[in-house]
Amino acid sequence: MYEHPIKEANRLIQNIINAQENIVCIFSADALILANKAFNDFFAVNSLEQYFQEFGPFVNNFVPHNSYFHAEKVKEGEAWLDVVLTLEDKDRIVSMLNTNYEPRAFSVSADNSLEEYTVLTLTDISKDLIKRIMIENNVSIDEKSGAYNKEYFLHTSESFLDAAAFNEKLIAIAMIEINAVQNEKNDFLAHAVSLIKSRIRQDDMLVKYSDNVLLLACLVDNEENALQFSKKLHGISQETSCKDLSLKLSVTLVQKNEKISKAIARANTSLLELGENEIKFI
């Protein structure tokens, strides 16, 4: 069956942008004329016609927050696409709500090399942005202990999973309860953090989980490596510099397709069952 060349070209373009994981939109002037499957999935629509009925102009989706670009930052008489093109990369960020009303952050790249057309690509950077904001606001480190902040770790745990998958490694989670033999010693946790950090790798994450519990997340090759790591970590309690501390330790591996939070819960439950200076690998 004969198909008009323009229709065939449009179908080819549609197939190409549908293959992209990022949201891709094509504009003619300020009018949205083409979008890809990732766009439809994000807004839960089947077509641009349905999108326009439910959402209206694309710029209206941008959450009006000072940290991001949005419609209120466009002056009267300006076109929002033109404004986006003038922004530096670090400022070319928008936030939109997904179908579950969860805010997602996107970096925006724009190509207007074809006259009268602009191709907009939106890349989800929610995880990286949270990490950057927390670092910029100095909330990644717990000041009293020197370990990572719990909220920071939980927000960036998906990145740790990605790193494990990329490097074909397993994630070991150790829950470490620290107690001072002498109750009047107020800085015992900071002392323990300093000792542990001097013996772990730079990429390992030591986190203050609660008042006297630390969480250590690290990448290992196999279960045997995790066992050796556990014994080495527990051995700190036998050192002279730790004679005023008691330490109990529960270690587990994050299983395939398991969330880190579930592995943490498993190790934490096991920790509650241990006696002073005991160690358990589960």
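Two strands pair if DSSP finds at least two bridges between them. Helices (H or I, at least four residues) and strands (E, at least two) are DSSP runs, numbered from the N terminus. The model is predicted: local features need pLDDT of at least 70 and side-chain atom pairs count only at pLDDT 80 or more, while totals for chains, interfaces and linings use all residues. Residues are numbered from 1 along each chain as its sequence is written, and side-chain values use heavy atoms, with hydrogens and water left out.

**Exercise 1. The mixed sheet**

Solution: 
1. The strands concerned, β6 and β8 (residues 205-208), pair in the parallel sense over two bridges.
2. Six strands make up this open sheet, in the order β6-β8-β9-β7-β10-β11, with mixed pairing.
3. Its edge strands, each pairing on one side only, are β6 (148-149) and β11 (279-281).
4. Helix α8 (residues 223-234) packs on the sheet and touches β7 (170-180), β9 (213-220), β10 (245-253) and β11. Contact means heavy atoms within 4.5 Å. The direction of α8 makes about 170° with that of β10. Axes are lines fitted to C-alpha atoms, for helices over the stretch in contact, and angles run from 0 to 180 degrees between N-to-C directions.
5. Helix α9 (residues 260-272) also packs on the sheet, touching β7, β9, β10 and β11, and its direction makes about 35° with that of β7.

**Exercise 2. The antiparallel sheet**

Task: State in what order the five strands of the open antiparallel sheet lie, then follow β3, β4 and β5.

Solution: 
1. The order is β2-β1-β5-β4-β3.
2. At the edges are β2 (31-35) and β3 (93-97), each pairing on one side only.
3. On average, neighbouring strands here are turned by 35° against each other, direction ignored.
4. Five bridges connect β3 and β4 in the antiparallel sense; Met96 has Arg104 as its bridge partner in β4.
5. The hairpin of β3 and β4 has five residues between the strands, and there Tyr101 takes a positive phi near 60°.
6. β4 (residues 103-111) is joined to β5 (residues 117-124) by six bridges, and the two run antiparallel. Ala110 has Leu120 as its bridge partner in β5.
7. In β3, four of the five residues are buried. Buried means under 20% relative accessible area, exposed over 50%, partly exposed in between (1.4 Å probe, protein chains only).

**Exercise 3. Ser126**

Task: Decide whether Ser126 is buried or exposed, and list its contacts beyond four places in sequence.

Solution: 
1. Ser126 lies in helix α5 (residues 126-136).
2. Its relative accessible area is 6%, so Ser126 is buried.
3. Apart from residues up to four places away in sequence, Ser126 touches Arg104 and Ala105.
4. Ser126 and Ser107 are 19 residues apart in sequence, and their C-alpha atoms are 9.2 Å apart.

**Exercise 4. Tyr51 and the aromatic rings**

Task: Describe the surroundings of Tyr51, then examine the pair Phe43 and Phe58.

Solution: 
1. Tyr51 is in helix α3 (residues 48-55) and counts as buried because its relative accessibility is 0%.
2. Beyond four places in sequence, the contacts of Tyr51 include Leu32, Phe39, Val45 and Asn61.
3. The side chains of Tyr51 and Asn61 make a polar contact at 2.4 Å. A polar contact is a pair of N or O atoms within 3.5 Å; within protein, one must be able to donate a hydrogen and the other to accept it, and residues adjacent in sequence count only if both atoms are side-chain atoms.
4. Rings of Phe, Tyr and Trp (its six-membered ring) pair if their centres lie within 6.5 Å; planes under 30 degrees apart count as stacked, over 60 as edge-to-face and the rest as tilted.
5. This rule gives 16 aromatic pairs. Phe43 and Phe58 form an edge-to-face pair, 6.4 Å centre to centre with 75° between the planes.
6. Phe43 belongs to helix α2 (residues 37-43) and Phe58 to the loop between α3 and α4, 15 residues apart.
7. Phe43 is buried, with a relative accessible area of 4%, and Phe58 is buried at 5% relative accessibility.
8. One aromatic cluster has among its members Tyr51, Phe43, Phe58 and Trp80.
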